[in-house]
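The following note sets out numbered points on the model shown below. Each point may be checked against the coordinates.

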Amino acid sequence: MFKQFDKLFGIDLGTSNTVIFEKGKGIVLNEPSVVAFDQHTGELLAAGSEAQAMIGRAPAHVDITYPLIHGVIANFDKTSSMLNHFIKKIQGRPSFLRSSQIYITVPCGITNVQKRAIEETIVHRGAKKAIAIEEPIAAALGAGLMLDEPIGHLVLDIGGGTCQVAVLSLGGIVASHTINRGGLSIDRDIMDYVKRQYNMEIGERTAELIKIQIGTAIRSTEERSIEIRGRDLVLGLPRSIRLVSSEIFTVVNEFLDALIEAIRATLELCPPELAGDVMEQGILLCGGGALLEGIDERIRADTGVAVHIAEHPLECTALGTGLMLGVYRSKSKPLMQENSREEQIAVSQ
Ligand code: ADP
Ligand code: MG
């Protein structure tokens, strides 16, 4: 087992957000997965919310990127720099990785070779050990499901770049389906809609704000509205308009249909006994998209299966890595829980 002096970190490395859990402390960092580099010097200027605040406002020589695309690391160097920066921030000193064990999440469905590549990158950076954990497993554990039983559970993780649907049983993934659409694609659909309908250009952050404030997955009787600013495409001047929630419902609708289709496709892939369990247990919804108004109601209406939203949809994956920290996974007993979920939640608060 691990020596006492090892630092244990569980990292939920998401397309939109990185959440870090430190054993004994709980969640110690929750920042957007964004980095800003100076293109002339190659120097890291900012990471996380500081870099996100620069989006759409930075001079041309500043390159701002999300180093993950659709849940997968698109740029290993930038991802490493970002993680380094984050852990330096937590620790208040460099060379954080030394004598640490890192459990890091990866999307379900990636190959073993891709998993090893991620683990090796982290070890290469100085960590003593790195273990890649599939996101739906971590999310389910963090949301309080007992996974070591022979009972099927369906987890739906709606993240920034992907939606992952996975049926889990006995600690492993039995069937899964991923679509490369998520919160970010909803934001882009909103930008396109505003451009088409109002001849106005808005930024990504404004589109996300619209989604969070007035977005809805159901035809709601109560109409909400938001005033937003952008640039008139004809006049080239700033202008403001008021959008209402029923407009955003129309924009989000097509994405939701694709999501329901992914749930159907996953249930079709899994053995009938497990599909029966899912009918009984319901669907566990997590990831930031679980916070979209009415999404649980919509999925329930379209699939006929009960839906439960995780208590902490944005943090449950990191909480799940926290539960697994210091626990090796063996083939015969896939998930051995060392710490109770209550203990971990307690330290994270
Ligand atoms: P990832 O795991 O890919 O990093 P997260 O689970 O952190 O993604 O979720 C991020 C996504 O959730 C973003 O696209 C964000 O806009 C979206 N999100 C956050 N809060 C809300 C909300 N209240 N309503 C709808 N979407 C939300
Ligand atoms: Mg995620």
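1. Asp6 lies in the segment that precedes strand E1 (7-13); strands (E, at least two residues) and helices (H or I, at least four) are DSSP runs, numbered from the N terminus. Asp6 is buried, its relative accessible area being 9%. Here buried means under 20% relative accessible area, exposed means over 50%, and partly exposed covers the range in between (1.4 Å probe, protein chains only). Leaving aside residues up to four places away in sequence, Asp6 touches Ser99, Gln101 and Lys128, where contact means heavy atoms within 4.5 Å. Between Asp6 and Lys23, which are 17 residues apart in sequence, the C-alpha to C-alpha distance is 10.0 Å.

2. On provenance, this is a predicted model, in which local features need pLDDT of at least 70 and side-chain atom pairs count only at pLDDT 80 or more, whereas totals for chains, interfaces and linings use all residues. Residues are numbered from 1 along each chain as its sequence is written, chains are lettered from A and ligands numbered from 1 in the order in which they are written, and side-chain values use heavy atoms, with hydrogens and water left out.

3. As to the overall fold, the protein contains 11 helices and 18 strands. Its C-alpha trace spans about 65 × 55 × 35 Å along the principal axes.

4. Of the 349 residues, 50% count as buried. The accessible surface comes to about 16100 Å², and 51% of this surface belongs to carbon and sulfur atoms; areas come from the Shrake-Rupley method with a 1.4 Å probe, and for residues only the protein chains shown count as cover. Among contacts between residues at least 6 apart in sequence, 61% join residues at least 24 apart.

5. Helix H4 (residues 135-142) is mostly covered, with eight of its eight residues buried. Among these buried residues are Glu135, Pro136 and Ile137. Just after H4, Gly144 adopts a positive phi of about 100°.

6. The axes of helix H5 (residues 183-198) and helix H6 (residues 204-214) come within 8 Å and cross at roughly 100°. Axes are lines fitted to C-alpha atoms, for helices over the stretch in contact, and angles run from 0 to 180 degrees between N-to-C directions. H5 and H6 are therefore roughly perpendicular to each other, a class that covers 65 to 115 degrees. In this contact Gly183, Ile186, Asp187, Ile190 and Met191 of H5 meet Glu204, Ala207, Glu208, Ile210 and Lys211 of H6. The contact residues divide into five nonpolar, one polar and four charged; Ala, Val, Leu, Ile, Met, Phe, Trp, Tyr, Cys and Pro count as nonpolar, Asp, Glu, Lys and Arg as charged, and the others, Gly among them, as polar.

7. Leu170, in the loop between strand E12 (163-169) and strand E13 (172-179), has phi near 50°, a positive value in a residue other than glycine. Leu170 is partly exposed, at 46% relative accessible area. Asn199 is not a glycine, yet has a positive phi of about 55°. Asn199 sits in the loop between H5 and strand E14 (200-201) and counts as partly exposed at 38% relative accessibility.

8. Glu297 belongs to helix H9 (residues 295-303). Glu297 is partly exposed, with a relative accessible area of 43%.

Note on methods
Parallel < 35°, antiparallel > 145°, perpendicular 65-115°, else oblique.
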